[in-house]
Amino acid sequence: MIYSSFAKITLAGFLLASASGLTALVLAQTTDSQMNGLKLSNDQPIQIESDGLEIREQEKKAFFTGNVKVVQGTTTLQAGTMVVHYRGEGTTVTQGNADIEKIDVAQKVFLSSGTQQATADTGSFDMAKQVFVLEGERVVLSEGQNVFVGCKLTVQMNSGQAKLDSCGRRVQIQLDPKSQKSN
């Protein structure tokens, strides 16, 4: 089990927000939406657990393998593997001063925050551009009974803009009318 508190790592930035803005876009080829609840939490501690950790300081990479679990606040990320790419002279993951550039996750990616969940085959989190992408044969984003299925989910973390692609098939959306807020 590995516990760490990487400086400048914003894993809680993966909060998936309400997808209620997608209600009018049923079975479209590509779906765009504002995910206004997307937030970054740089102030909460991060706990990382895995079966193994290999740090390659020369390459500026940390390899977490086997049952990787990352928790920050109400956000949990799980995957089979996670590679943290960092940069900067004199920075090291072990000292907690690494400037995280990119995080790659693979092998049954699961992301959860509160009532929202996403699953995919792989994921990539570009910290500089504040973009995360989940990809796979079947990428599923859900909140309660509302379910969105495609093959690629791209979220701009700064603006909350999200795009769900179909990759030659059709985006599928299942909405529960009970989830709508009454006015």
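**Close-up views of the predicted model**

**View 1. Arg-169 and Glu-137 meet in a salt bridge.** At 38% relative accessibility, Arg-169 counts as partly exposed (buried is under 20% relative accessible area, exposed over 50%, partly exposed in between; 1.4 Å probe, protein chains only). This is a predicted model, in which local features need pLDDT of at least 70 and side-chain atom pairs count only at pLDDT 80 or more, whereas totals for chains, interfaces and linings use all residues. Residues are numbered from 1 along each chain as its sequence is written, and side-chain values use heavy atoms, leaving out hydrogens and water. The side chain of Arg-169 meets that of Glu-137 in a salt bridge at 3.6 Å, N to O (a Lys or Arg side-chain nitrogen within 4 Å of an Asp or Glu carboxyl oxygen). This pair links distant parts of the chain, with Glu-137 in strand β8 and Arg-169 in the loop between β10 and β11 (172–174), 32 residues apart. Glu-137, with a relative accessibility of 58%, counts as exposed.

**View 2. Asp-99 and Arg-87 form a salt bridge.** Their side chains come together at 3.2 Å, N to O. Because Asp-99 belongs to strand β6 and Arg-87 to strand β5, the pair ties together parts that are 12 residues apart in sequence (strands are DSSP runs of E, at least two residues, numbered from the N terminus). Asp-99 is partly exposed at 24% relative accessibility, and Arg-87 is likewise partly exposed, with a relative accessible area of 32%.

**View 3. His-85 sits in strand β5.** With a relative accessible area of 16%, His-85 is buried. Once its neighbours within four places in sequence are set aside, His-85 is in contact with Lys-60, Lys-61, Asp-99, Ile-100, Glu-101, Lys-102 and Asp-104 (contact means heavy atoms within 4.5 Å).

**View 4. Met-82, Val-105 and Leu-134 touch the most other members of the largest nonpolar core.** This core has 33 residues (buried Ala, Val, Leu, Ile, Met, Phe, Trp, Tyr and Cys joined through side-chain atoms within 4.5 Å). The elements that give two or more residues to it are β4 (61–72), β5 (75–87), β6 (99–113), β7 (116–126), β8 (131–143), β9 (146–156) and β10 (161–165). Not counting residues up to four places away in sequence, Val-105 touches Leu-77, Ala-79, Thr-81, Met-82, Thr-122, Gly-123 and Phe-125. In soluble globular proteins, nonpolar side chains tend to be buried together.

**View 5. Lys-163 and Asp-165 are joined by a salt bridge.** The N to O distance between these two side chains is 3.7 Å. Lys-163 counts as partly exposed at 35% relative accessibility, whereas Asp-165, at 14%, counts as buried. Elsewhere, salt bridges that share partners join Glu-54, Arg-56 and Glu-59 into one network. The structure holds 7 salt bridges.

**View 6. The protein chain has 11 strands and 0 helices.** Read along the sequence, the chain follows the pattern β-β-β-β-β-β-β-β-β-β-β. Of its 183 residues, 46% are buried. Among the contacts in the chain with a separation of 6 or more, 51% are between residues 24 or more positions apart.

Terms used:
Helix = DSSP H or I, 4+ residues; strand = E, 2+ residues; numbered from the N terminus.
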